[in-house]
Amino acid sequence: MDTNGTDSAKDKSQRYQEQYLAMDVEERKEFGAWGKAIRALGWGLNEAEKKERQERKEYERDVTDCTRCEEWRNELLKTSPIVRFMSEHLKKSGFPLSTDIMPCIKCEDMRSGGFAMDGTIQLCYNRLLGKGHLETTMAHEMVHAYDQTNFNIDWFNLEHHACTEIRAASLSGDCTLFQEMMRGNVGFLKHHQVCVKRRAVLSLLANPSCKSKKHAEAAVNKVFQSCFTDTRPFDEIY
């Protein structure tokens, strides 16, 4: 005991060890199961152990989410009509499509995917709501890849950026009535066009060349008609 009359950590450890040694086989099994349950809940851990436990849980969740994203991606490349269609036209355009340039990554910001200027199609495994969400995300980013390959986009030119965002939102299925209802945006009068404009503006706000929301809206409105009606490589809006 310490000077305050309480057990020291060493004394407690020794007493617990003695109690464990006095148990029979069945009692030890029950004690072991109880101990595992307690550790799973994080009880009795010091701060370092709690931090290690949290980091381990996050790592395990990342592995699970990333693996699922890769499995869904590989399946969609084989079975999704829109993904297969875009894959075919990307390859015809000379875009080197493969799973190597379509990685599942962890994203800090709130987005489900992205198209990098180096030609990488990024899929954010920690932001996906399901396989359908990934399918739409892949189609959206593949439209960007198609536009980059065929039209040589200047991503710092807001009108160029606005055009490909309009096309991606419109052609990928990102603005179907179902998708909009899921977001809580219920409107039946030209809901598709309204959604396309809104999502294009949101994307432009992340462009360093964009000065304000009004600047983004002006760029989207200027090119909207010509870009919205350009459905290549589709014959019509998917």
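Helix α6 covers residues 158-171, and its 14 residues span 20 Å from the first C-alpha to the last, close to the 20 Å expected at 1.5 Å a residue. The expected span is 1.5 Å times one less than the number of residues. Helices here are DSSP runs of H or I with at least four residues, numbered from the N terminus. The model is predicted: local features need pLDDT of at least 70, side-chain atom pairs count only at pLDDT 80 or more, and totals for chains, interfaces and linings use all residues. Residues are numbered from 1 along each chain as its sequence is written, and side-chain values use heavy atoms, with hydrogens and water left out.

Of the 14 residues of α6, 11 are buried, so the helix is largely enclosed by the rest of the structure. Buried means under 20% relative accessible area, exposed over 50%, and partly exposed in between (1.4 Å probe, protein chains only). Among the buried residues are Leu 158, His 161, Glu 165 and Arg 167. Their cover includes α4 (81-92), α5 (131-151), α8 (191-204) and α9 (213-228).

Next come the ends of the helix. Just after α6, Gly 173 has a positive phi of about 95 degrees.

Asn 74 belongs to another part of the chain, helix α3 (residues 47-79). Asn 74 is partly exposed, at a relative accessible area of 31%. Its C-alpha is 10.0 Å from that of Ser 98, which is 24 residues apart from Asn 74 along the chain.

Key. Helix = DSSP H or I, 4+ residues; strand = E, 2+ residues; numbered from the N terminus. Contact = heavy atoms within 4.5 Å.
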